[in-house]
Amino acid sequence: MATILEGVSRTFAEYLLLPRLTRKDQRPEQVDLSTPLSAVEPNQLPRFKINTPVVSAAMQSVSGSKLAISLARQGGLGFIYCSQEIETQAEMVHQVKAHKAGFVSSDTNTTANKTLHDVIELMRQTGHSTVPVTDDGSGHGKLIGLITDQDFWVHEDDLDNPVSRHMTPISDVIYGEEGLTLREANRLLHKHKKKCLPILNGEGHLTSLVFKKDYEDHMRHPLELLDESKRLCVGAAINTHDYKTRAPVLIEAGADALCFDSSDGFTEFQKEGIDWLRKEFGNGVVIGGGNVVSAEGFDYLVEEGGVDFIKVGMGGGSICITREQKGIGRGQASALLDVVQRRDSYFEETGRYIPICSDGGLANDTQIVVALAMGADFVMMGRYFAMTEESPTPKTSINGQMYKPYWGEGTRRAQNWQRYAEDMSTREMVFEEGVDAYVPLVGSLADVLGTTLYKLRSTMVNIGSDSLSEFRDQATLTLVSEQSVVEAGTSTVFQFTTNRDFEETSWGDKG
(Lines give C-alpha, C1' and ligand atoms only; values in the text may rest on other atoms or scores of the structure.)
Protein backbone atom coordinates (compact mmCIF):
# COMPACT_ATOMS: atom_id res chain seq x y z
CA MET A 1 0.00 0.00 0.00
CA ALA A 2 0.98 3.64 -0.34
CA THR A 3 3.11 5.30 2.31
CA ILE A 4 1.08 7.77 4.37
CA LEU A 5 3.02 10.56 6.06
CA GLU A 6 2.08 11.60 9.56
CA GLY A 7 0.79 15.13 10.10
CA VAL A 8 -0.84 17.43 7.57
CA SER A 9 0.41 19.41 4.58
CA ARG A 10 0.79 22.95 5.93
CA THR A 11 1.06 26.43 4.45
CA PHE A 12 2.86 29.59 5.56
CA ALA A 13 -0.46 31.13 6.67
CA GLU A 14 -0.60 28.62 9.53
CA TYR A 15 2.48 29.99 11.30
CA LEU A 16 3.50 33.04 13.31
CA LEU A 17 6.88 34.12 14.65
CA LEU A 18 7.43 34.64 18.36
CA PRO A 19 9.38 37.81 19.23
CA ARG A 20 12.84 37.47 20.76
CA LEU A 21 14.99 40.05 22.54
CA THR A 22 15.51 43.26 20.55
CA ARG A 23 18.81 44.91 21.35
CA LYS A 24 19.16 48.66 21.80
CA ASP A 25 21.87 48.90 19.15
CA GLN A 26 19.70 47.37 16.39
CA ARG A 27 18.21 49.36 13.50
CA PRO A 28 16.29 47.96 10.50
CA GLU A 29 18.53 49.80 8.03
CA GLN A 30 21.60 48.05 9.48
CA VAL A 31 20.28 44.52 8.90
CA ASP A 32 22.26 42.51 6.32
CA LEU A 33 19.99 40.79 3.76
CA SER A 34 22.73 39.30 1.58
CA THR A 35 22.52 35.56 0.99
CA PRO A 36 24.39 32.92 -1.03
CA LEU A 37 22.99 31.72 -4.35
CA SER A 38 25.82 29.27 -4.99
CA ALA A 39 26.81 26.29 -2.88
CA VAL A 40 29.22 27.12 -0.08
CA GLU A 41 32.08 24.65 0.03
CA PRO A 42 33.77 23.79 3.36
CA ASN A 43 35.85 26.69 4.71
CA GLN A 44 35.21 28.79 1.60
CA LEU A 45 33.12 31.82 0.70
CA PRO A 46 30.18 31.44 -1.72
CA ARG A 47 31.09 31.99 -5.38
CA PHE A 48 27.98 34.09 -5.90
CA LYS A 49 25.78 36.05 -3.50
CA ILE A 50 22.76 38.29 -3.91
CA ASN A 51 22.25 41.38 -1.78
CA THR A 52 18.50 40.95 -1.39
CA PRO A 53 16.89 37.51 -0.78
CA VAL A 54 14.48 37.77 -3.72
CA VAL A 55 14.53 36.39 -7.27
CA SER A 56 11.88 36.56 -9.99
CA ALA A 57 10.14 33.52 -11.45
CA ALA A 58 11.18 32.52 -14.97
CA MET A 59 7.80 33.35 -16.52
CA GLN A 60 6.77 35.14 -19.71
CA SER A 61 4.49 37.52 -17.82
CA VAL A 62 7.15 38.30 -15.20
CA SER A 63 10.83 38.16 -16.08
CA GLY A 64 11.70 40.33 -19.04
CA SER A 65 14.91 42.34 -19.30
CA LYS A 66 13.32 45.51 -17.89
CA LEU A 67 12.23 43.78 -14.70
CA ALA A 68 15.57 41.97 -14.37
CA ILE A 69 17.37 45.33 -14.59
CA SER A 70 15.13 46.89 -11.93
CA LEU A 71 15.47 43.89 -9.62
CA ALA A 72 19.27 43.79 -9.93
CA ARG A 73 19.37 47.46 -8.96
CA GLN A 74 17.57 46.49 -5.75
CA GLY A 75 20.04 43.70 -5.04
CA GLY A 76 17.96 40.75 -6.27
CA LEU A 77 18.20 38.57 -9.37
CA GLY A 78 15.84 38.13 -12.30
CA PHE A 79 15.65 34.79 -14.14
CA ILE A 80 14.88 35.37 -17.83
CA TYR A 81 12.32 32.79 -18.98
CA CYS A 82 13.30 30.00 -21.39
CA SER A 83 9.92 29.42 -23.09
CA GLN A 84 11.16 31.35 -26.12
CA GLU A 85 13.76 31.02 -28.85
CA ILE A 86 17.33 30.70 -27.62
CA GLU A 87 18.45 33.82 -29.50
CA THR A 88 15.71 36.04 -28.01
CA GLN A 89 16.40 34.82 -24.49
CA ALA A 90 20.12 35.46 -24.96
CA GLU A 91 19.34 38.97 -26.25
CA MET A 92 17.34 39.67 -23.06
CA VAL A 93 20.31 38.53 -20.99
CA HIS A 94 22.58 40.76 -23.07
CA GLN A 95 20.30 43.76 -22.51
CA VAL A 96 20.67 43.38 -18.76
CA LYS A 97 24.44 42.90 -18.93
CA ALA A 98 24.74 46.01 -21.14
CA HIS A 99 23.77 48.06 -18.07
CA LYS A 100 27.26 48.46 -16.71
CA ALA A 101 27.61 50.48 -13.54
CA GLY A 102 29.81 53.37 -14.57
CA PHE A 103 31.43 52.42 -17.88
CA VAL A 104 28.74 52.18 -20.57
CA SER A 105 29.22 51.09 -24.17
CA SER A 106 27.92 53.81 -26.48
CA ASP A 107 24.96 52.62 -28.55
CA THR A 108 23.95 56.06 -29.87
CA ASN A 109 26.54 57.51 -32.24
CA THR A 110 26.78 59.61 -35.38
CA THR A 111 29.25 61.03 -37.91
CA ALA A 112 30.25 64.65 -38.52
CA ASN A 113 28.51 64.84 -41.92
CA LYS A 114 25.10 63.80 -40.62
CA THR A 115 22.48 66.55 -40.23
CA LEU A 116 20.90 67.96 -37.10
CA HIS A 117 17.68 66.40 -38.29
CA ASP A 118 19.37 62.97 -38.26
CA VAL A 119 20.68 63.54 -34.73
CA ILE A 120 17.30 64.71 -33.43
CA GLU A 121 15.67 61.58 -34.81
CA LEU A 122 18.41 59.43 -33.26
CA MET A 123 17.88 61.11 -29.88
CA ARG A 124 14.14 60.58 -30.19
CA GLN A 125 14.56 56.87 -30.93
CA THR A 126 17.02 56.15 -28.14
CA GLY A 127 16.06 58.72 -25.51
CA HIS A 128 19.69 59.80 -25.21
CA SER A 129 20.63 63.48 -25.19
CA THR A 130 24.41 63.06 -25.64
CA VAL A 131 25.73 61.58 -28.89
CA PRO A 132 29.41 60.81 -29.58
CA VAL A 133 30.61 61.77 -33.04
CA THR A 134 33.06 59.20 -34.43
CA ASP A 135 34.83 58.79 -37.74
CA ASP A 136 32.74 55.77 -38.70
CA GLY A 137 29.58 56.38 -36.64
CA SER A 138 30.20 53.36 -34.42
CA GLY A 139 30.56 53.12 -30.66
CA HIS A 140 34.25 52.21 -31.01
CA GLY A 141 35.33 54.56 -33.78
CA LYS A 142 37.83 57.39 -33.42
CA LEU A 143 36.16 60.17 -31.41
CA ILE A 144 35.83 63.43 -33.33
CA GLY A 145 33.53 65.29 -30.97
CA LEU A 146 30.33 65.29 -28.92
CA ILE A 147 26.92 66.76 -29.66
CA THR A 148 24.16 67.20 -27.08
CA ASP A 149 20.64 68.60 -27.16
CA GLN A 150 22.10 71.80 -25.66
CA ASP A 151 24.21 72.46 -28.76
CA PHE A 152 21.32 73.51 -31.01
CA TRP A 153 17.82 74.98 -30.95
CA VAL A 154 15.29 72.91 -32.82
CA HIS A 155 13.14 75.89 -33.85
CA GLU A 156 15.97 78.36 -34.52
CA ASP A 157 18.78 76.41 -36.19
CA ASP A 158 18.72 75.02 -39.70
CA LEU A 159 18.15 71.30 -39.19
CA ASP A 160 19.94 70.59 -42.47
CA ASN A 161 23.19 71.84 -40.94
CA PRO A 162 25.87 69.16 -40.54
CA VAL A 163 26.72 67.91 -37.08
CA SER A 164 30.24 69.31 -37.45
CA ARG A 165 28.91 72.90 -37.23
CA HIS A 166 27.30 72.34 -33.80
CA MET A 167 29.32 69.65 -32.03
CA THR A 168 32.03 70.20 -29.43
CA PRO A 169 35.22 69.21 -31.28
CA ILE A 170 37.60 66.67 -29.75
CA SER A 171 40.09 69.45 -28.98
CA ASP A 172 37.59 70.88 -26.47
CA VAL A 173 36.21 67.57 -25.14
CA ILE A 174 37.16 66.52 -21.61
CA TYR A 175 37.85 62.78 -21.75
CA GLY A 176 39.46 60.01 -19.75
CA GLU A 177 42.06 57.49 -20.83
CA GLU A 178 41.33 53.78 -20.89
CA GLY A 179 42.45 52.11 -17.67
CA LEU A 180 41.36 54.78 -15.22
CA THR A 181 39.10 53.70 -12.36
CA LEU A 182 35.46 54.62 -12.03
CA ARG A 183 36.31 56.78 -9.02
CA GLU A 184 38.87 58.69 -11.12
CA ALA A 185 36.33 59.10 -13.94
CA ASN A 186 33.74 60.51 -11.56
CA ARG A 187 36.33 62.91 -10.14
CA LEU A 188 36.95 64.25 -13.67
CA LEU A 189 33.21 64.73 -14.18
CA HIS A 190 32.99 66.60 -10.89
CA LYS A 191 36.09 68.70 -11.47
CA HIS A 192 35.06 69.85 -14.95
CA LYS A 193 31.31 70.06 -14.19
CA LYS A 194 30.44 67.69 -17.02
CA LYS A 195 27.54 65.27 -17.43
CA CYS A 196 29.36 62.83 -19.74
CA LEU A 197 32.97 61.65 -19.89
CA PRO A 198 34.14 59.71 -22.99
CA ILE A 199 36.84 57.10 -22.35
CA LEU A 200 39.41 56.73 -25.14
CA ASN A 201 42.16 54.22 -25.82
CA GLY A 202 45.69 55.12 -26.90
CA GLU A 203 44.62 55.55 -30.54
CA GLY A 204 41.80 57.92 -29.66
CA HIS A 205 39.05 55.38 -30.21
CA LEU A 206 35.97 55.49 -28.01
CA THR A 207 35.76 52.56 -25.57
CA SER A 208 32.98 53.66 -23.22
CA LEU A 209 31.15 56.56 -21.59
CA VAL A 210 30.78 57.57 -17.95
CA PHE A 211 27.72 59.62 -16.96
CA LYS A 212 27.05 61.78 -13.93
CA LYS A 213 23.49 60.41 -13.82
CA ASP A 214 24.87 56.86 -13.43
CA TYR A 215 26.89 57.96 -10.40
CA GLU A 216 23.76 59.49 -8.90
CA ASP A 217 21.77 56.38 -9.79
CA HIS A 218 24.33 54.19 -8.02
CA MET A 219 24.07 56.35 -4.92
CA ARG A 220 20.31 55.73 -4.97
CA HIS A 221 20.84 51.95 -5.33
CA PRO A 222 23.65 51.00 -2.94
CA LEU A 223 22.63 47.32 -2.99
CA GLU A 224 22.66 46.88 -6.78
CA LEU A 225 23.94 43.47 -7.80
CA LEU A 226 27.05 43.76 -9.99
CA ASP A 227 29.56 41.34 -11.46
CA GLU A 228 33.33 41.84 -11.44
CA SER A 229 33.05 44.08 -14.50
CA LYS A 230 30.51 46.33 -12.79
CA ARG A 231 27.66 45.02 -14.97
CA LEU A 232 24.24 44.19 -13.54
CA CYS A 233 23.76 40.50 -12.73
CA VAL A 234 21.06 38.34 -14.33
CA GLY A 235 19.94 34.72 -14.25
CA ALA A 236 18.46 32.60 -17.02
CA ALA A 237 16.19 29.56 -17.06
CA ILE A 238 16.90 26.40 -19.04
CA ASN A 239 14.91 23.22 -19.66
CA THR A 240 15.80 19.54 -19.88
CA HIS A 241 15.16 19.33 -23.64
CA ASP A 242 17.65 21.72 -25.25
CA TYR A 243 20.04 22.69 -22.44
CA LYS A 244 23.05 21.46 -24.41
CA THR A 245 22.28 24.07 -27.05
CA ARG A 246 20.70 26.79 -24.90
CA ALA A 247 23.06 26.92 -21.90
CA PRO A 248 26.29 27.72 -23.83
CA VAL A 249 24.57 30.60 -25.64
CA LEU A 250 23.21 32.05 -22.39
CA ILE A 251 26.60 31.77 -20.70
CA GLU A 252 28.21 33.49 -23.68
CA ALA A 253 25.61 36.29 -23.37
CA GLY A 254 26.73 36.79 -19.77
CA ALA A 255 24.20 34.93 -17.60
CA ASP A 256 25.47 34.81 -14.01
CA ALA A 257 23.33 31.84 -12.98
CA LEU A 258 21.28 29.13 -14.71
CA CYS A 259 18.25 27.40 -13.26
CA PHE A 260 16.23 24.48 -14.55
CA ASP A 261 12.62 25.52 -15.02
CA SER A 262 10.45 22.57 -14.05
CA SER A 263 7.46 21.93 -11.83
CA ASP A 264 9.05 18.58 -10.93
CA GLY A 265 12.84 18.46 -10.73
CA PHE A 266 13.04 15.03 -9.10
CA THR A 267 13.79 13.40 -12.45
CA GLU A 268 16.64 11.61 -14.19
CA PHE A 269 16.35 14.16 -17.00
CA GLN A 270 17.29 17.03 -14.71
CA LYS A 271 20.05 15.11 -12.94
CA GLU A 272 21.62 14.32 -16.33
CA GLY A 273 21.35 18.00 -17.26
CA ILE A 274 23.05 19.14 -14.05
CA ASP A 275 25.84 16.58 -14.51
CA TRP A 276 26.40 17.65 -18.13
CA LEU A 277 26.58 21.35 -17.23
CA ARG A 278 29.03 20.69 -14.42
CA LYS A 279 31.21 18.55 -16.69
CA GLU A 280 31.21 21.17 -19.47
CA PHE A 281 31.59 24.34 -17.40
CA GLY A 282 32.91 23.20 -14.04
CA ASN A 283 32.23 25.62 -11.20
CA GLY A 284 32.28 28.53 -13.62
CA VAL A 285 28.49 28.56 -13.74
CA VAL A 286 25.97 28.66 -10.89
CA ILE A 287 23.35 25.93 -11.39
CA GLY A 288 19.93 25.77 -9.75
CA GLY A 289 17.80 22.62 -9.67
CA GLY A 290 14.25 21.69 -8.74
CA ASN A 291 11.50 21.92 -7.97
CA VAL A 292 11.36 19.36 -5.16
CA VAL A 293 9.13 18.99 -2.10
CA SER A 294 10.95 16.36 -0.05
CA ALA A 295 14.30 15.46 1.49
CA GLU A 296 14.49 12.58 -0.98
CA GLY A 297 14.32 15.01 -3.90
CA PHE A 298 17.01 17.18 -2.30
CA ASP A 299 19.40 14.25 -1.91
CA TYR A 300 18.92 13.15 -5.51
CA LEU A 301 19.87 16.51 -7.04
CA VAL A 302 22.72 17.20 -4.63
CA GLU A 303 24.47 13.85 -5.20
CA GLU A 304 28.10 14.17 -6.33
CA GLY A 305 28.08 17.91 -5.66
CA GLY A 306 26.32 18.91 -8.85
CA VAL A 307 23.77 21.56 -7.94
CA ASP A 308 24.33 24.98 -6.36
CA PHE A 309 20.84 25.73 -5.06
CA ILE A 310 17.53 23.90 -4.84
CA LYS A 311 14.06 25.29 -5.56
CA VAL A 312 11.30 24.00 -3.30
CA GLY A 313 7.60 24.00 -4.14
CA MET A 314 4.94 22.33 -6.25
CA GLY A 315 1.44 23.60 -6.86
CA GLY A 316 1.66 26.58 -4.49
CA GLY A 317 1.68 29.37 -7.08
CA SER A 318 -1.39 31.59 -7.44
CA ILE A 319 -1.88 30.55 -11.09
CA CYS A 320 -0.68 26.93 -10.67
CA ILE A 321 -3.26 24.13 -10.61
CA THR A 322 -0.92 21.13 -10.59
CA ARG A 323 -2.35 19.84 -7.31
CA GLU A 324 -5.95 19.86 -8.45
CA GLN A 325 -5.15 18.57 -11.93
CA LYS A 326 -2.79 15.75 -10.95
CA GLY A 327 -3.22 15.28 -7.21
CA ILE A 328 0.49 15.83 -6.67
CA GLY A 329 2.35 18.43 -4.59
CA ARG A 330 2.67 19.52 -0.99
CA GLY A 331 1.81 22.45 1.23
CA GLN A 332 4.65 24.93 0.82
CA ALA A 333 5.53 25.23 4.51
CA SER A 334 5.70 21.46 4.98
CA ALA A 335 7.79 21.04 1.83
CA LEU A 336 10.21 23.79 2.85
CA LEU A 337 10.64 22.53 6.42
CA ASP A 338 11.38 18.99 5.20
CA VAL A 339 13.98 20.09 2.65
CA VAL A 340 15.60 22.62 5.00
CA GLN A 341 15.94 19.96 7.70
CA ARG A 342 17.70 17.70 5.21
CA ARG A 343 19.87 20.59 3.97
CA ASP A 344 21.02 21.28 7.52
CA SER A 345 21.82 17.63 8.24
CA TYR A 346 23.66 17.40 4.90
CA PHE A 347 25.72 20.42 5.95
CA GLU A 348 26.61 18.75 9.25
CA GLU A 349 27.63 15.58 7.41
CA THR A 350 29.67 17.15 4.61
CA GLY A 351 30.42 20.76 5.51
CA ARG A 352 28.82 21.76 2.20
CA TYR A 353 25.96 24.27 2.39
CA ILE A 354 23.23 24.22 -0.30
CA PRO A 355 21.08 27.38 -0.48
CA ILE A 356 17.33 26.78 -0.62
CA CYS A 357 14.88 28.83 -2.71
CA SER A 358 11.23 28.81 -1.64
CA ASP A 359 9.25 29.02 -4.89
CA GLY A 360 5.52 29.79 -4.67
CA GLY A 361 2.91 29.75 -1.94
CA LEU A 362 3.57 33.35 -0.87
CA ALA A 363 0.35 35.33 -0.50
CA ASN A 364 1.70 38.44 1.25
CA ASP A 365 4.77 40.07 2.80
CA THR A 366 4.24 38.24 6.09
CA GLN A 367 4.62 34.88 4.40
CA ILE A 368 7.86 35.97 2.73
CA VAL A 369 9.16 36.66 6.23
CA VAL A 370 7.93 33.26 7.48
CA ALA A 371 9.55 31.42 4.56
CA LEU A 372 12.93 33.00 5.31
CA ALA A 373 12.52 32.28 9.02
CA MET A 374 11.85 28.63 8.19
CA GLY A 375 15.21 28.33 6.51
CA ALA A 376 14.86 29.49 2.92
CA ASP A 377 17.90 31.47 1.79
CA PHE A 378 15.81 33.39 -0.73
CA VAL A 379 12.35 33.33 -2.29
CA MET A 380 11.22 33.18 -5.91
CA MET A 381 8.01 35.02 -6.84
CA GLY A 382 5.87 35.50 -9.91
CA ARG A 383 2.64 37.36 -9.15
CA TYR A 384 4.48 39.77 -6.86
CA PHE A 385 6.51 41.04 -9.80
CA ALA A 386 3.80 40.60 -12.43
CA MET A 387 1.91 43.44 -10.73
CA THR A 388 4.74 45.97 -11.07
CA GLU A 389 5.33 48.61 -13.73
CA GLU A 390 8.42 46.77 -14.95
CA SER A 391 6.78 43.42 -15.79
CA PRO A 392 6.65 42.81 -19.56
CA THR A 393 2.86 42.68 -20.01
CA PRO A 394 0.71 45.66 -21.08
CA LYS A 395 -1.53 47.61 -18.71
CA THR A 396 -5.26 47.04 -19.01
CA SER A 397 -8.08 49.14 -17.53
CA ILE A 398 -10.96 47.17 -16.00
CA ASN A 399 -13.75 49.21 -14.38
CA GLY A 400 -11.38 52.13 -13.85
CA GLN A 401 -8.67 50.06 -12.16
CA MET A 402 -5.39 49.24 -13.91
CA TYR A 403 -4.46 45.58 -14.23
CA LYS A 404 -1.83 43.45 -15.93
CA PRO A 405 -2.35 40.01 -17.49
CA TYR A 406 -0.64 37.16 -15.65
CA TRP A 407 -0.51 33.56 -16.79
CA GLY A 408 1.29 30.42 -15.76
CA GLU A 409 3.92 28.61 -17.79
CA GLY A 410 1.61 25.61 -17.72
CA THR A 411 -1.11 27.33 -19.77
CA ARG A 412 -1.78 27.10 -23.47
CA ARG A 413 -1.18 30.84 -23.68
CA ALA A 414 2.43 30.36 -22.60
CA GLN A 415 3.03 27.90 -25.45
CA ASN A 416 5.67 26.34 -23.21
CA TRP A 417 5.73 23.10 -25.15
CA GLN A 418 9.15 21.95 -24.05
CA ARG A 419 8.09 21.95 -20.42
CA TYR A 420 4.48 20.78 -20.58
CA ALA A 421 3.69 19.03 -23.88
CA GLU A 422 2.80 15.41 -23.30
CA ASP A 423 3.74 14.49 -26.86
CA MET A 424 6.73 16.44 -28.17
CA SER A 425 6.26 15.04 -31.68
CA THR A 426 2.88 16.79 -32.03
CA ARG A 427 3.56 19.64 -29.53
CA GLU A 428 0.13 18.94 -28.09
CA MET A 429 -0.73 20.03 -24.55
CA VAL A 430 -3.25 17.49 -23.29
CA PHE A 431 -4.18 19.47 -20.19
CA GLU A 432 -3.12 22.68 -18.49
CA GLU A 433 -1.35 23.04 -15.14
CA GLY A 434 -1.84 26.81 -14.90
CA VAL A 435 -4.47 29.50 -15.36
CA ASP A 436 -4.71 32.80 -17.21
CA ALA A 437 -5.68 35.78 -15.05
CA TYR A 438 -5.26 39.50 -14.30
CA VAL A 439 -3.51 41.09 -11.34
CA PRO A 440 -3.80 44.73 -10.15
CA LEU A 441 -1.04 47.16 -11.03
CA VAL A 442 0.59 48.19 -7.74
CA GLY A 443 3.41 50.52 -8.79
CA SER A 444 7.13 50.38 -9.41
CA LEU A 445 9.26 47.44 -8.35
CA ALA A 446 11.47 49.69 -6.23
CA ASP A 447 8.51 51.00 -4.20
CA VAL A 448 6.85 47.62 -3.69
CA LEU A 449 10.04 45.73 -2.87
CA GLY A 450 11.25 48.57 -0.65
CA THR A 451 8.19 48.17 1.58
CA THR A 452 8.58 44.38 1.70
CA LEU A 453 12.25 44.55 2.64
CA TYR A 454 11.64 47.12 5.35
CA LYS A 455 9.01 44.83 6.89
CA LEU A 456 11.52 41.97 6.74
CA ARG A 457 14.27 44.00 8.39
CA SER A 458 11.87 45.25 11.06
CA THR A 459 10.79 41.68 11.87
CA MET A 460 14.41 40.54 12.03
CA VAL A 461 15.07 43.26 14.61
CA ASN A 462 12.10 41.91 16.62
CA ILE A 463 13.87 38.55 16.63
CA GLY A 464 17.21 40.11 17.57
CA SER A 465 18.84 39.13 14.27
CA ASP A 466 21.39 41.12 12.26
CA SER A 467 21.59 38.74 9.28
CA LEU A 468 19.49 36.12 7.53
CA SER A 469 21.60 33.29 8.92
CA GLU A 470 20.99 34.57 12.45
CA PHE A 471 17.30 34.96 11.63
CA ARG A 472 17.03 31.27 10.65
CA ASP A 473 18.89 30.17 13.77
CA GLN A 474 16.99 32.39 16.22
CA ALA A 475 13.45 32.17 14.81
CA THR A 476 10.76 30.41 16.83
CA LEU A 477 7.49 29.66 15.03
CA THR A 478 4.10 28.62 16.34
CA LEU A 479 1.05 27.17 14.63
CA VAL A 480 -2.04 29.35 14.66
CA SER A 481 -5.68 28.40 15.13
CA GLU A 482 -8.69 29.78 13.29
CA GLN A 483 -9.60 31.88 16.31
CA SER A 484 -6.13 33.41 16.51
CA VAL A 485 -6.52 34.48 12.88
CA VAL A 486 -9.82 36.15 13.77
CA GLU A 487 -8.23 37.78 16.81
CA ALA A 488 -5.45 39.24 14.63
CA GLY A 489 -7.92 40.80 12.20
CA THR A 490 -9.85 44.05 12.22
CA SER A 491 -13.34 42.68 11.69
CA THR A 492 -14.78 44.55 14.72
CA VAL A 493 -13.96 48.05 13.44
CA PHE A 494 -14.86 50.10 10.40
CA GLN A 495 -11.75 50.44 8.26
CA PHE A 496 -11.05 53.18 5.72
CA THR A 497 -9.40 52.01 2.51
CA THR A 498 -7.00 54.28 0.64
CA ASN A 499 -5.09 53.82 -2.57
CA ARG A 500 -1.96 53.26 -0.50
CA ASP A 501 -3.71 50.52 1.48
CA PHE A 502 -4.69 48.87 -1.79
CA GLU A 503 -1.17 49.03 -3.15
CA GLU A 504 0.30 47.41 -0.06
CA THR A 505 -2.23 44.63 0.37
CA SER A 506 -3.86 43.73 -2.92
CA TRP A 507 -1.05 41.53 -4.20
CA GLY A 508 -1.65 39.21 -1.29
CA ASP A 509 -5.25 38.44 -2.23
CA LYS A 510 -5.81 34.83 -3.18
CA GLY A 511 -5.89 34.67 -6.95
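## Strand pairing around strand 7

Two strands count as paired if DSSP finds at least two bridges between them. Helices (H or I, at least four residues) and strands (E, at least two) are DSSP runs, numbered from the N terminus. This is a predicted model, where local features need pLDDT of at least 70, side-chain atom pairs count only at pLDDT 80 or more, and totals for chains, interfaces and linings use all residues. Residues are numbered from 1 along each chain as its sequence is written, and side-chain values use heavy atoms, with hydrogens and water left out.

Strand 7 and strand 8 (residues 168–169) run antiparallel, joined by two bridges, and Leu146 sits opposite Thr168 of strand 8. Strand 6 (residues 130–134) is also antiparallel to strand 7, with five bridges; here Thr134 faces Leu143. Five of the six residues of strand 7 (residues 143–148) are buried (under 20% relative accessible area; exposed is over 50%, partly exposed in between, with a 1.4 Å probe and protein chains only), so the rest of the structure largely encloses this strand.

## Aromatic pairs

There are nine aromatic pairs. Rings of Phe, Tyr and Trp (its six-membered ring) pair if their centres lie within 6.5 Å; planes under 30 degrees apart are stacked, over 60 edge-to-face, and the rest tilted. Phe266 and Tyr300 make a tilted pair, because their planes stand at 50 degrees, with centres 5.4 Å apart. Phe266 is partly exposed, at 33% relative accessibility.

Phe309 and Phe378 have centres 5.5 Å apart and planes at 70 degrees, so that pair is edge-to-face. Phe309 belongs to strand 15 (residues 309–312) and Phe378 to strand 17 (residues 378–381), 69 residues apart. Both Phe309 and Phe378 are buried.
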